[in-house]
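Here is a friendly walk through a model, written to be read with the coordinates open beside it. We begin with domains and work down to single residues.

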Amino acid sequence: MAVRNPTARVVSHGLLHLILMTGSILMLIPLVWTVSTSLKTPQQVAVWPPEWIPNPVMWSNYIDIFRVAPVMLWLRNSLVLVAAEVLGSVITCSFVAYGFARVRFPGRDAIFLLLLSTLMMPYVVRLIPLYVIYNQIGWINTFLPVTVPQLLGRNPFFIFLLRQFFMGIPEELSDAARIDGCSEFGIWWRIVMPLSKPALAAVAIFAFRDSWDNFLAPLVYMAGRPDLRPLAVGLYTLRGGAGQLPDTHYLMALSTLMILPMLIIFALGQRYFIQGVTLSGLKG
Amino acid sequence: MTGQSTKLERVVTTRSTRRLKAPRWLIGYVFIAPWLVAFVAFEAYPILSGFYHSFTDWTATGRAERFVGFDNYIEAFTRDPLFWKAVSNTIYYIGVSVPLGIVVAFALALMLNSGIHGTTLYRTIYYLPSVVPAVAAVIVWIFIFETRRGILNWGLELLGLPAIRWLSDPAWAMPALIIMSLWSIGASVIIFLAGLQGIPQELYEAAEVDGANSWHNLWRITVPLMTPTIFFNLIMSLVAAFQAFNNAFIMTNGGPNNATLLYMLHLYNHAFRYFRMGYASALAVVLFLVVFGLTYFVYRSSRRWVYYS
């Protein structure tokens, strides 16, 4: 879409910047507003028209929140979910993906199609029967429903993503290793895994986000054990009925605490994030 | 594209198979075994047992379940007053948020790909909201939508517009959910942008020689070449829209006056609030069949409009 005339080019680019900047501001306002509110007194939260700069700056909100709610306990529980999902995604999903990408066996393509089709199914479809199964085997009100499936590499999206990446690694490398007597498992662990660090990093980041965010499963399967709640469920229980927010400054402080690790990871691993997103799209 | 690579793979693998002792198919199954176990235990078996429960009046209260035939399905389609409300709400939500998200993301990607400065910075900003955890995002948006303290109404006031009771007015609650869904279109923007960057520049140069303007370029070159990416984003957006349980559940819990009662929420209510597990299982089966049918339809139709070079 090249514009020949230099003046027209300046005008059109200026217009584009105007639109994109307005969009950027709209995208950032909710985040800025959250942080700003988290540092306000309850009185200032209620002021109209809204004030953007907290005055006084209530850093103590971030200390009080640990007193108001068992945040440390929720955080510990969240870390259990995160550990299971990240480990399961990086190790198990990659193991499975290697099978789909590099080993030829009868039924492979049909099974892979099956795997992709599970990507489409909303989780609520399985919510009730899974509840029944977990109830029968005594998993209700334990961490098992939110860790065992993850450790088994349940997430079809991660398998799909890693398979796409593995298929791009030159087959000659595996062949050379095979000649040297390396087994398929050795090739996966010693050759494909080290070469796939960017894709693994992307998957680890997505896995962190998904488990940090996991809400419905812990809500339903661990409903009877408030002490096992992860942060997402804890934050939900802190707020009143639908559409209400008592103690907004605390809620925004806890929201900020929940958003912060994601922002840090995003800042550090932006390259892998973007790579992961594009990898999923381009070769689809 | 994949057809070629698998053919190549076959040549390479058959050559190496002869040297291996363990049968190669067995090795393949060993690799995919963890997922297969998870699939059978946590996907296939639950869905099949859900089918079974949908024909019973099971309540999860310890009472023995009875076989009731198609009663649950008949109730859903003819007697449940909220069933059709939930269906039409879901069609409203998906029918607006998915196409709107795709169009906005595509437009943003086009602008970012026009050779202006700061593309990387813009891309980062537009993706940023997508990393915000869903529950935190909903809490933040409840606050933004508040009638008296919310900054959205403050913005309307600055523009001289009247305040809107976003989450308590049945007419505005669904638009509120859709606005919130637009906040996280960053992943679609990035995928579109990567697709656009993959279009060979020579095509535009050739078109320019032929006297095509940017409008022609957009519809004759960019959009046709982007159809595989559009198709991918369409599928991913549909998946996300069908998972949109959290937002409606936390923000409005189906209210006001059932205006945001999405189908997924209706199902959840019957299962875990009224403990009518048999009936909720029937609702789940209907959802399963609809998603399955929709996926199949989109996939089949894609042969007609998706262009693979």
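In this predicted model, four residues of domain 1 of chain B are in contact with six residues of domain 2 of chain B. On the domain 1 side of that contact there are two nonpolar and two polar residues, and no charged ones. The domain assignment for chain B gives domain 1 as residues 2-53 and domain 2 as residues 75-305. Between the C-alpha centres of domain 1 and domain 2 of chain B the distance is 34 Å.

**Chain B as a whole**

Chain B is built with 14 helices and has zero strands. Its radius of gyration is 25 Å, well over the 19 Å that the globule rule gives for 309 residues, so chain B is more spread out than a compact globule. Along the principal axes, the C-alpha atoms of chain B fill a box of roughly 75 × 75 × 35 Å. Buried residues make up 38% of the 309 in chain B. If you look at contacts in chain B between residues at least 6 apart in sequence, 68% of them join residues at least 24 apart.

**Where chain B meets chain A**

How many residues of chain B are in contact with chain A? There are 86 of them, and they touch 84 residues of chain A. Helix α2 of chain B (residues 24-53) supplies the largest share of the chain B side, with 19 residues. Sorted by class, the chain B side holds 59 nonpolar, 21 polar and six charged residues.

Helix α2 of chain B turns up again when we look at helix α10 of chain A. The buried residues of α10(A) pack against α4 (71-102), α8 (156-167) and α9 (171-179) of chain A, together with α2 of chain B. Those buried residues are E184(A), I187(A), W188(A) and V192(A). They cover an arc of only 95 degrees around the axis, which puts them on the same side of α10(A). The helix length also checks out: at 1.5 Å a residue, the twelve residues of α10(A) (residues 184-195) should span 16 Å, and the end C-alpha atoms are 15 Å apart, which agrees.

**Helix α8 of chain B and a tryptophan**

Helix α8 of chain B covers residues 170-182, and its buried residues include A173(B), A176(B), L177(B), M180(B) and S181(B). Because they cover an arc of only 135 degrees around the axis, these residues sit on the same side of α8(B). They pack against α4 (81-112), α6 and α12 (245-251) of chain B.

One residue of α6 deserves a visit. W141(B) lies in helix α6 of chain B, which runs over residues 134-145. Is W141(B) buried or exposed? It counts as buried, because it has 24 C-beta neighbours inside 10 Å and the cut-off for buried is 20 or more. Apart from neighbours within four places in sequence, W141(B) is in contact with P30(A), M180(B) and M251(B). M180(B) is one of the buried residues of α8(B) listed above, while P30(A) brings chain A into the set of contacts.

**Backbone details worth checking**

Most residues other than glycine have a negative phi, and most peptide bonds are trans.

| Site | Backbone feature | Angle |
|---|---|---|
| W48(A) to P49(A) | cis peptide bond | omega near 0 degrees |
| N55(A) to P56(A) | cis peptide bond | omega near -5 degrees |
| N253(B) | positive phi, not a glycine | phi about 50 degrees |
| F275(B) | positive phi, not a glycine | phi near 55 degrees |

Where do these sites fall? P49(A) is in the loop between α2 (42-45) and α3 (61-68) of chain A, and P56(A) is in the loop between α2 and α3 of chain A as well. In chain B, N253(B) belongs to the loop between α12 and α13 (263-272). F275(B) is placed in the loop between α13 and α14 (277-305) of chain B.

With 16 C-beta neighbours inside 10 Å, N253(B) counts as partly exposed. F275(B) is also partly exposed, with 14 other C-beta atoms within 10 Å.

Note on methods:
Residues numbered from 1 in each chain as written. Chains lettered and ligands numbered in written order. Predicted model: local features only at pLDDT ≥ 70, side-chain atom pairs only at ≥ 80, totals over all residues. Helix = DSSP H or I, 4+ residues; strand = E, 2+ residues; numbered from the N terminus. Rg over C-alpha atoms; globule rule 2.2 N^0.38 Å. Buried ≥ 20, exposed ≤ 12 C-beta atoms within 10 Å, placed from the backbone. Contact = placed C-beta atoms within 7 Å. Nonpolar A, V, L, I, M, F, W, Y, C, P; charged D, E, K, R; others polar. Domains from an automatic or database assignment. Expected span 1.5 Å × (residues − 1). Arc of directions from axis to C-beta.
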